[in-house]
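Hi,

Here is the structure I promised to pass on. Have a look at it first, and then read my notes below.

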Amino acid sequence: MKVGVISLIHEDLHPDPGDHPENAARLIGVSEYLRNSNIANDLDFMDIHDDPSEILGRVHAPEYIATVKTISENGGGGLDEDTYITPGSYKAAVNVAGAATACAGKVVEGSFQRLLLIGRPPGHHATRGRGMGFCLFNTISVAAEALVHFHNVEKIAIVDWDVHHGNGTQDIFYNRPDVLFISLHQCPLYPGTGRADETGFAEGQGYTLNIPLPIAAGGQEYMEIFENKVISCLEDFKPNIILISAGFDAHRDDPLGGLALTEQDFGWMTRKLAEVSNKYSGGRIISVVEGGYNPDANARCIYEHAKELVKS
Ligand SMILES: [Zn+2]
């Protein structure tokens, strides 16, 4: 099937301060790689954007959104020791959020079943009240909330396979039963959350599944966990749509992660999720790229990921 691809790298609006792992170079070659690949004809490169302010205001605390804006307007600065804001960062982060809300609309109206958003700054560490870990606004949560709020989608599954725990996404939906959050991540590793006993709160109890993995875990471990936990959890939940927080820093060549996945592993994980989506979700998937700090590995991984979004 045709997969929509949105690329918002923001090399001008959100340049890194120098020698920072979260930089435009890590994703800038990906679109070209996809355009030159054997799936190029199955990809539709698009420029879509909605005004995300209403959804951003539901996902994040208004004071936090105002803080990001103010720091940008005042010339930029550090939100914390590793999360930078440039004069253009607020606009860049709003652009990515706006693309996420537009993706929600596209999938619901049926013009695309599958969309891949390759954007930065990344999002999954941003909690309701603060950005951290290179992330300003939580893109995947914006997509999920747009699906709920604008389109009345009742059950959304978010699968986060970035090597780091998606603490921000967990925080935003921790007490909600309509958004199932599944995270596979290296432990111990930044940000230190994501223990197996973090399973949700109040009405959201049982709708967070954390799967911490030891250093050097690879495809074999992931395959067993997918078979034994991830797929059955999704099948019990029967999501109306699957969202993927697709970080590629669990790749064996990544400089920040300590896991051992190959690009083919990201391919079969995508295939497994696509099969679940075909069974329960009308094939609908929105994938949002998160981390991944080796440019060459990112290109190969995102190609394998996109290929399975097209074919599975
Ligand atoms: Zn990461």
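(Helices here are DSSP runs of H or I with at least four residues, strands are runs of E with at least two, and both are numbered from the N terminus.) Lys238 lies in the loop between α8 and β9, and it is a residue other than glycine. Most residues other than glycine have a negative phi. With a relative accessible area of 40%, Lys238 is partly exposed. On that scale, buried means under 20% relative accessible area, exposed means over 50%, and partly exposed is in between, using a 1.4 Å probe and protein chains only.

Before I go on, two housekeeping points. This is a predicted model, so local features need pLDDT of at least 70 and side-chain atom pairs count only at pLDDT 80 or more, while totals for chains, interfaces and linings use all residues. Residues are numbered from 1 along each chain as its sequence is written, and side-chain values use heavy atoms, with hydrogens and water left out.

Back to α8, then. This helix covers residues 219–237 and has a kink of about 50°, centred on Phe226. The bend at a residue is the angle between two fitted axes, one for the seven residues ending there and one for the seven starting there. Phe226 is also one of the buried residues of α8, and the others are Gly219, Tyr222, Ile225, Val230, Ile231, Cys233, Leu234 and Phe237. What covers them? The cover includes β6, β7 (179–186), β8 (208–213) and α9, with contact meaning heavy atoms within 4.5 Å.

His10 is another residue with a positive phi, about 55°, although it is not a glycine. You'll find His10 in the loop between β1 (3–8) and α1 (25–28). His10 is buried, at a relative accessible area of 10%.

There are cis peptide bonds to look at as well. One joins Arg120 and Pro121, with omega about 5°, and Pro121 is in the loop between β5 (114–119) and α6 (139–151). Another joins Tyr190 and Pro191, with omega about 0°; Pro191 sits in the loop between β7 and β8. For context, most peptide bonds are trans.

Now the metal. Which protein atoms are the donors of the zinc ion? They are Asp162 (OD), Asp162 (OD) again, His164 (ND1) and Asp249 (OD), lying 1.9 to 2.7 Å from the zinc ion. Along the chain, these donors follow the spacing D-x1-H-x84-D. Donors are N, O and S atoms within 2.8 Å of the metal (3.2 Å for Na, K and Ca), and water is not among the atoms, so sites may look incomplete. The angles among the 4 donor atoms run from 53 to 155°, and the site is irregular. Four donors count as tetrahedral if all angles lie between 85 and 135 degrees; four count as square planar and six as octahedral if opposite donors are over 155 degrees apart and all others between 65 and 115; anything else is irregular.

The loop between β9 and α9 also holds Ala260, which is partly exposed at 29% relative accessibility. Leaving aside neighbours within four places in sequence, Ala260 has contacts that include Ala216, Gly219, Ala250 and Asp265.

What about disulfides, pairs of cysteine sulfur atoms within 2.5 Å? A search of the whole structure finds 0. The sulfur of Cys187 is 18 Å from the closest cysteine sulfur, in Cys135, so it is too far for a bond. Cys301 is in no disulfide either, with the sulfur of Cys135 again the nearest at 18 Å. Cys187 is partly exposed at 34%, whereas Cys301 is buried at 0% relative accessibility.

Finally, the overall picture. The protein chain has 10 helices and 10 strands, and buried residues make up 60% of its 312 residues. Its C-alpha trace spans about 50 × 45 × 40 Å along the principal axes.

Cheers

Key:
Disulfide = S-S within 2.5 Å.
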